[in-house]
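Please look over the structure shown below before reading on.

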Amino acid sequence: MTMKKKPFILGNWKMNLTLVEGVEFAKSLRSAVCDESGIICGICPPFVFLKDICLVLEGCGIFVAAQNIHSEKNGAYTGEISATMVKEVGCAYVLIGHSERRHIFHETDSFINAKIKTALSVNLKPVFCVGETLDDREDERTKYVIRNQLKEGLHGISAGQINELVIAYEPVWAIGTGKTALPEQANEVHSFIRGVITDGYGKEIADSVYIQYGGSVKPENAKELMTQPEIDGLLVGGASIKFESFFKIIETAAKY
Ligand code: PGA
């Protein structure tokens with residue numbers, strides 16, 4: 001069993017909120033969480049809010065993450081945003097391989113792997129998302145699918161780089177559906193993920209890697225999830241766009 005770490009709570013706003021609402025949210029978060037040393041926390045605003053939100057949160061220890069990047073650092077990719085760009089405006093992390101990117105925008109494991117490498121090359125920490133679909137789970141393919149996503153996504157990533165990234169386990173059937181994986185079910189997959197990392201990089205490195213759970217996290221289930229030994233943090237979607245519910249999750253996580 002791994003040592004419990006400082007919980008890492010990340011809110012993914014997806015394509016929600018206005019700039020004014022986002023800035024207000026960030027100000028509230030800054031005053032509420034700034035001195036909260038018991039947790040690591042951050043938010044993932046849409047691209048066009050990043051600079052304003054980074055300015056509000058500057059120097060207070062709350063991280064800002066982009067929701068995506070392209071795998072190339074620059075070039076003729078109309079409409080895309082690079083790792084260097086989000087780094088320049090103040091992001092510390094970036095979501096990579098979110099299931100909505102995989103399923104709606106058909107991102108492949110090799111594209112995800114290229115993005116992870118590019119992010120790391122500019123010191124942007126990837127939050128690398130993996131997770132099975134309902135069909136995968138019903139066909140008892142969960143472990144196979146997750147092992148594959150990890151293997152392909154982390155291809156060519158060195159032991160020294162692994163601690164620069166966070167892994168997020170997000171069962172696709174639990175995202176935005178109100179269905180949370182049972183805490184024990186989630187813990188079992190987290191333990192499996194840690195085992196795959198142990199096989200590739202050794203136990204010490206695997207134990208220190210953060211593995212977040214995501215999928216219908218809300219204030220009511222944050223305690224049950226955070227008390228699972230292998231769950232190091234939470235990636236929160238729907239419940240992160242209202243300050244009150246996001247803050248309740250943070251407060252709960254800080255206790256466990
Ligand atoms: P959800 O989203 O909390 O709304 O299920 C989680 C995510 O997509 O990261």
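## Lys 203 and its surroundings

Which residue's side chain is joined to the side chain of Lys 203 by a polar contact? The partner is Asp 207, at 2.6 Å, where a polar contact is a pair of N or O atoms within 3.5 Å, and where, within protein, one atom must be able to donate a hydrogen and the other to accept it, residues adjacent in sequence counting only if both atoms are side-chain atoms. Lys 203 lies in helix α10, residues 203-208, and between the C-alpha atoms of Lys 203 and Ala 174 there are 29 Å in space, for a separation of 29 residues in sequence.

## Basis of the model

This is a predicted model, in which local features need pLDDT of at least 70 and side-chain atom pairs count only at pLDDT 80 or more, whereas totals for chains, interfaces and linings use all residues. Residues are numbered from 1 along each chain as its sequence is written, and side-chain values use heavy atoms, with hydrogens and water left out.

## The ligand site

Around the ligand there are 13 residues, of which Lys 14, His 98, Glu 170, Gly 176 and Ser 216 come nearest; a residue is near if one of its heavy atoms lies within 4 Å. By class, this shell holds 4 nonpolar, 7 polar and 2 charged residues, with Ala, Val, Leu, Ile, Met, Phe, Trp, Tyr, Cys and Pro counted as nonpolar, Asp, Glu, Lys and Arg as charged, and the others, Gly among them, as polar.

Taken alone the ligand exposes 280 Å², and the protein buries 95% of that, by the Shrake-Rupley method with a 1.4 Å probe.

## Helix pairs

The axes of helix α1 (residues 19-33) and helix α2 (residues 50-57) come within 9 Å and cross at roughly 20°, the axes being lines fitted to C-alpha atoms over the stretch in contact, with angles from 0 to 180 degrees between N-to-C directions. These two helices, α1 and α2, are therefore roughly parallel, the term for angles under 35 degrees.

Key. Helix = DSSP H or I, 4+ residues; strand = E, 2+ residues; numbered from the N terminus. Parallel < 35°, antiparallel > 145°, perpendicular 65-115°, else oblique.
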